[in-house]
Amino acid sequence: MKTIYMDNNATTKVADEVREEMIPFLSELYGNPSSMHSFGGQVGHKIANARRQVASLLGCQPDEIIFTSCGTESDNAAIKGSLAAAGNKTKIITSRVEHPAVLGTCRDLEHHGYSIVEIAVDKNGRIDLEQLEQSIDDDTALVSIMYANNETGVIFPIEKIANMIKSKGCIFHTDAVQAVGKIPLDLSKSSIDMLSLSGHKLHAPKGIGVLYVRKGTRLAPFMVGGHQEAGKRAGTENVPGIVALGKACELANKYMDEENTRVKEMRDALEKAILENSPDSFVNGDVDNRLPNTSNISFEYIEGEAILLMLNKYGICASSGSACTSGSLEPSHVLRAMGVPFTAAHGSIRFSLSRYNTMDEVNFVAEKMPEIVNQLRKLSPFVKN
Ligand code: PLP
């Protein structure tokens, strides 16, 4: 059975060009980039090249790029590293819809004397800018607000937020793990101080991430040891991962238009067909301000897990908005923060496409989804048949 992969916000296929680029570094080019000999030195040059490729996608300087192991590490490093350099300030501001890599890190810091403010979102997942502005005070050490939401795809007005925070003299970090490669970013025109990204969300392998740190931003080293990454992140480099990420960023630049045209068209066609043919279904999140690849749809009266299992029978991969924790199906914190009713939050499915999807796949999923919804509704105790 063919796999139809529509779960690209979870992880992506490694692009063929990316895999080819990294293979030599898994075989003959195994030198340590820190070595004095030219065998290691040639690897160091490739890292420098990858740094330039990442910087070019982001519109920043290569020496503002720190390679890490993943998005989670980048988020942890940004938050903990900047707090360590922030003196006596004890307040952190974030949002209620962050990924656990940010929310969990902030909540953990509450046990270490920090106070956390989690900014609310409205029913469309839009951040409350007024609450954000009012929350910033002289005790605020850091604001961390995501660029785009992983579940709904909703894009926050990050440049507006960055300017507001800068005008109040605070440090601003954004988790752009879902945004990078999907929408254009230009850090040369931005007030963002730190930004996280993750390779496996943009067709590079797992195990490589980046923390962008604007020159002059105070950040305590978050891994102490050797001199790698300008002393900010010690540890011998993941050379194949770094080279792969460089190539993936180059490709992301090349395919950015396609992401925002063909991929978006496929997403819109899928969403339209599903909504038209499945009663009591609706899109979660601000439909006019979303990542071009993401559609989060709620189906009343049925459970997301059941939908996923039935999709799986056809080889279709998607995600649901609830997680099975301690035996009970807990709806996602993002949909709860948006006030999505319990019955609908339980039945939410996220489709996230990529440039590797085709219109034939969209048509197949669009045909199967209403059938599945119909079948499950017949079994649902909440629907009068
Ligand atoms: N931040 C966001 C918004 C994400 O979607 C994810 C992964 O899903 C992460 C952080 C964590 O990234 P990683 O899996 O590379 O640790």
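A: Gladly, and let us begin with the lining of the largest pocket: by class, this lining has 7 nonpolar, 9 polar and 5 charged residues. Here Ala, Val, Leu, Ile, Met, Phe, Trp, Tyr, Cys and Pro count as nonpolar, Asp, Glu, Lys and Arg as charged, and the others, Gly among them, as polar. Please keep in mind that this is a predicted model, where local features need pLDDT of at least 70 and side-chain atom pairs count only at pLDDT 80 or more, while totals for chains, interfaces and linings use all residues. Residues are numbered from 1 along each chain as its sequence is written, and side-chain values use heavy atoms, with hydrogens and water left out.

Q: What is a pocket, and which residues lie nearest the centre of the largest pocket?

A: On a 1 Å grid over the protein atoms alone, a pocket is an open set of points with protein on both sides within 12 Å along at least five of seven lines, whereas a cavity is a set where a 1.4 Å probe fits but cannot get out; lining residues have an atom within 4 Å of a point. In this model 21 residues line the largest pocket, and His99, Asn150, Val177, Gln178 and Lys201 lie nearest its centre. Helix α3 gives the most to this lining, with 3 residues.

Q: How is a helix defined, and where does the ligand sit?

A: Helices are DSSP runs of H or I with at least four residues, numbered from the N terminus. The ligand sits in the largest pocket, meaning that more than half of its atoms lie within 2 Å of the pocket's grid points. Helix α3 (residues 71-84) also supplies the largest share of the shell around the ligand, 3 residues.

Q: What volume does the largest cavity have?

A: A volume is the space filled by probe spheres set on the grid points, which are joined across faces, edges and corners. For the largest cavity this comes to about 120 Å³. Lys201 turns up here too, listed with Gly181, Leu202, His203 and Glu259 as the closest to the cavity's centre among its 15 lining residues.

Definitions and conventions. Helices (H or I, at least four residues) and strands (E, at least two) are DSSP runs, numbered from the N terminus.
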